[in-house]
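This briefing covers a structure of two chains, and it is meant to be read beside the coordinates. Which helices pack against each other, and how do the chains meet?

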Amino acid sequence: MTAIQISNVEKRYKSLQALGGVSLTIEEGEFFGLLGPNGAGKTTLISIIAGLIRADAGGVKIHGHDVVTDFREARKKLGVVPQELVFDPFFTVRETLRLQSGYFGLGNNDKWIDEVMENLDLTKKADTNMRALSGGMKRRVLVAQALVHKPPVIVLDEPTAGVDVELRQTLWKFISRLNREGHTVVLTTHYLEEAQAMCKRVAMLRAGQVVALDSMSNLIRRISGSQLVVHVQNGGLPQDLTHLISHPPEGNKYSLRINEYSEVEKILARLREAGASIDEMQLQQADLEDVFLQIMDGAEIA
Amino acid sequence: MITTGFRTLVYKETLRFYKVATQTIAAPILTAMLYLLIFGHVLSGRVEVYPGVSYTAFLIPGLVMMSVLQNSFANSSSSLIQSKITGNLVFVLLTPLSHWEIFSAYVLASMVRGITVGLGVFVITAWFAHLSFTAPLWIIAFALLGAAILGTMGLIAGIWAEKFDQLAAFQNFLIVPLTFLAGVFYSIHSLPAFWQGASHLNPFFYMIDGFRYGFFGQSDINPWISFCIVAAFLVVLALLAIRLLRSGYRLRH
């Protein structure tokens with residue numbers, strides 16, 4: 001079943017085209033990453049999914065329910081963790097969660113609320129006023145608020161921005177558990193290692209357009225392969241190896257693209273022939289950051 | 001149908017002002033008492049608006065209604081602008097609550113605050129004069145309608161305003177003049193002809209005049225006429241507020 005169906009969504013703010021016809025299908029149970037630089041349109045897209053912003057054209061369906069015409073059902077299926085650290089200073093943590101639960105029609109939900117607080121290490125702060133919490137604690141409450149109604153689809157808009165390591169681990173442990181139990185998770189993040197570790201499939205946005213959409217492993221494999229980093233003494237890199245350079249060299253340090261490990265041997269042999277000696281050598285797996293930078297620099301995806 | 005979601009939002013909106021009751025309930029009661037002490041003292045014996053009704057007795061229903069109106073407006077408008085500016089309005093906007101539920105919950109909570117303050121003002125000021133209760137149903141009807149109207153106006157102002165000073169302007173240039181020129185402190189019959197005519201264009205005048213009729217059985221306008229005008233005004237404002245909520249005006253850009 002399709003968890004989120006985004007069809008040709010467009011949004012314009014005066015002269016700025018925030019989203020120019022975005023279409024994406026996210027299946028039930030996926031752990032999906034939405035990546036892109038600031039201003040790419042990630043938050044605008046999430047706000048349209050959440051019904052916080054109306055699209056100029058196109059539409060979004062959550063579990064088959066249109067977010068505008070059938071908003072009640074769509075919003076019941078959706079839990080959103082907003083990017084901004086917002087809170088209501090009038091209430092304690094428990095009051096905040098009970099109210100949020102009540103808005104979704106769940107009057108007697110303390111068992112699940114307690115479980116969510118336990119999993120996010122909030123139990124000790126249950127009766128503390130929101131104003132008195134640290135930023136990290138407020139972030140946990142935001143996550144808890146998004147989960148009070150056990151939504152099948154969870155959307156997290158940069159949930160770990162400015163958050164310490166401990167919370168990041170607590171959070172990912174809990175979110176992974178929910179994903180294993182069948183919840184669909186959509187995540188935007190600036191931490192690419194995090195996306196790489198968590199997400200099975202990724203869409204990259206640039207200037208309001210989807211510029212890449214693939215499984216994490218395919219994306220990494222397809223774009224850049226691995227790299228051999230060599231620090232060469234005695235003369236530079238032989239001319240016939242320069243076509244392998246993947247990044248601008250730093251002094252005598254060259255990054256060379258390789259597709260198979262057997263190529264390492266050939267490169268080393270060629271360097272020896274040319275009379276170069278190697279000071280230092282490293283073999284690097286491509287990571288999401290390379291992919292990301294290449295795509296944002298305008299590389300086309302096959 | 002009364003849903004859990006609606007009840008929760010009413011509860012949250014009432015809990016919000018209850019938690020700061022000194023500011024939201026006690027302070028406006030004190031203000032109304034000061035008006036009574038000053039105007040009642042200065043004008044008592046010099047002005048008799050209705051035969052057999054002292055100025056202080058005349059003033060009390062006006063002050064009660066003014067407190068109901070101002071506090072109903074203050075509740076929905078300040079709650080909404082605070083939630084908009086701090087950003088926590090998303091917690092309501094992300095929920096399956098319908099436009100009707102959001103509208104009626106905000107207005108109902110505003111009415112609770114307006115009526116609570118009004119009752120407080122009444123209980124304290126009633127000691128200072130002899131009051132009669134000729135038609136208590138009119139008292140209740142006009143208090144509820146007035147509270148609902150100002151709660152709705154507060155909702156509209158809160159949706160429209162994007163900054164605190166815009167909301168303050170709405171309050172200072174619209175709500176306060178309309179209230180003060182509605183005959184809280186005087187009968188419009190004591191005004192020059194032009195201002196009497198102008199007062200008839202002020203919907204707040206009918207709320208206060210009808211409310212006062214409930215006490216003294218005397219008013220400038222027949223209470224049924226006032227009731228119809230006030231009810232029609234409420235319907236128009238409610239339709240406007242619901243339309244704004246449905247369109248997402250300034251809430252869901």
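The points below go from the whole chains to helix pairs, single residues and the contact between chains.

The model is predicted. Chain A contains 10 helices and 13 strands, while chain B contains 10 helices and 0 strands.

**Chain B overall**

- Read from the N terminus, the elements of chain B follow the order α-α-α-α-α-α-α-α-α-α.
- The radius of gyration of chain B is 18 Å, which agrees with the value near 18 Å for a compact globule of 253 residues.
- Along the principal axes, the C-alpha atoms of chain B occupy a box of roughly 55 × 35 × 35 Å.
- Of the 253 residues in chain B, 49% are buried.
- Counting contacts in chain B between residues at least 6 apart in sequence, 82% link residues at least 24 apart.

**Chain A overall**

- The box filled by the C-alpha atoms of chain A, taken along the principal axes, is roughly 80 × 45 × 35 Å.
- Buried residues account for 40% of the 302 residues in chain A.
- For chain A, 71% of the contacts between residues at least 6 apart in sequence join residues at least 24 apart.

**Helices H6 and H9 of chain B**

- Helix H6 (residues 136–160) of chain B and helix H9 (residues 203–216) of chain B have axes that come within 7 Å and cross at roughly 155°.
- That angle makes H6(B) roughly antiparallel to H9(B), since angles over 145 degrees are counted that way.
- The crossing in which H6(B) passes H9(B) is left-handed.
- On the H6(B) side the contact residues are B:Pro136, B:Trp138, B:Ile139, B:Phe142, B:Ala143, B:Leu145 and B:Gly146, and they meet B:Met207, B:Gly210, B:Phe211, B:Tyr213, B:Gly214 and B:Phe215 in H9(B).
- The residues of this contact of H6(B) with H9(B) comprise 10 nonpolar, 3 polar and no charged.

**Helices H3 and H6 of chain B**

- Helix H3 (residues 55–86) of chain B packs against H6(B) at an angle of about 30°, and their axes are 7 Å apart.
- H3(B) and H6(B) are therefore roughly parallel to each other.
- H3(B) and H6(B) form a right-handed crossing.
- Residues of H3(B) that meet H6(B) include B:Met65, B:Val68, B:Leu69, B:Ser72 and B:Phe73, and among those they meet in H6(B) are B:Ala143, B:Gly146, B:Ala147, B:Leu150 and B:Gly151.
- By class, the residues of the contact of H3(B) with H6(B) are 14 nonpolar, 8 polar and no charged.
- B:Ala143 and B:Gly146 of H6(B) are listed in the contact with H9(B) and also in the contact with H3(B).

**Helices H2 and H5 of chain B**

- The axes of helix H2 (residues 21–43) of chain B and helix H5 (residues 99–125) of chain B cross at roughly 40° and come within 9 Å.
- H2(B) and H5(B) are therefore oblique to each other.
- H2(B) passes H5(B) in a crossing that is right-handed.
- H2(B) contributes B:Thr24, B:Ile25, B:Pro28, B:Ile29, B:Ala32, B:Met33 and B:Leu36 to the contact, and H5(B) contributes B:Arg113, B:Thr116, B:Val117, B:Gly120, B:Val121, B:Ile124 and B:Thr125.
- The contact of H2(B) with H5(B) has 9 nonpolar, 4 polar and 1 charged residues.

**Two buried residues**

- B:Leu59 belongs to helix H3 of chain B and is buried, because 26 other C-beta atoms lie within 10 Å.
- Setting aside neighbours within four places in sequence, B:Leu59 contacts B:Leu36, B:Phe39, B:Gly40 and B:Phe185.
- The C-alpha atoms of B:Leu59 and B:Phe185 are 5.9 Å apart, although these residues are 126 apart in sequence.
- A:Val143 sits in helix H5 (residues 135–147) of chain A and is buried, with 22 other C-beta atoms within 10 Å.
- Not counting residues up to four places away in sequence, A:Val143 touches A:Val81, A:Leu120, A:Pro159 and A:Leu171.

**Contact between the chains**

- Chain A gives 24 residues to the contact and chain B gives 23 residues.
- On the side of chain A that touches chain B, helix H2 (71–76) and helix H3 (93–103) of chain A each supply at least two residues.
- That side of chain A has 12 nonpolar, 6 polar and 6 charged residues.

Note on methods
Residues numbered from 1 in each chain as written. Chains lettered and ligands numbered in written order. Predicted model: local features only at pLDDT ≥ 70, side-chain atom pairs only at ≥ 80, totals over all residues. Axes fitted to C-alpha atoms, helices over the stretch in contact; angles between N-to-C directions. Helix = DSSP H or I, 4+ residues; strand = E, 2+ residues; numbered from the N terminus. Parallel < 35°, antiparallel > 145°, perpendicular 65-115°, else oblique. Left-handed = near helix turned anticlockwise from the far one by under 90°. Contact = placed C-beta atoms within 7 Å. Nonpolar A, V, L, I, M, F, W, Y, C, P; charged D, E, K, R; others polar. Rg over C-alpha atoms; globule rule 2.2 N^0.38 Å. Buried ≥ 20, exposed ≤ 12 C-beta atoms within 10 Å, placed from the backbone.
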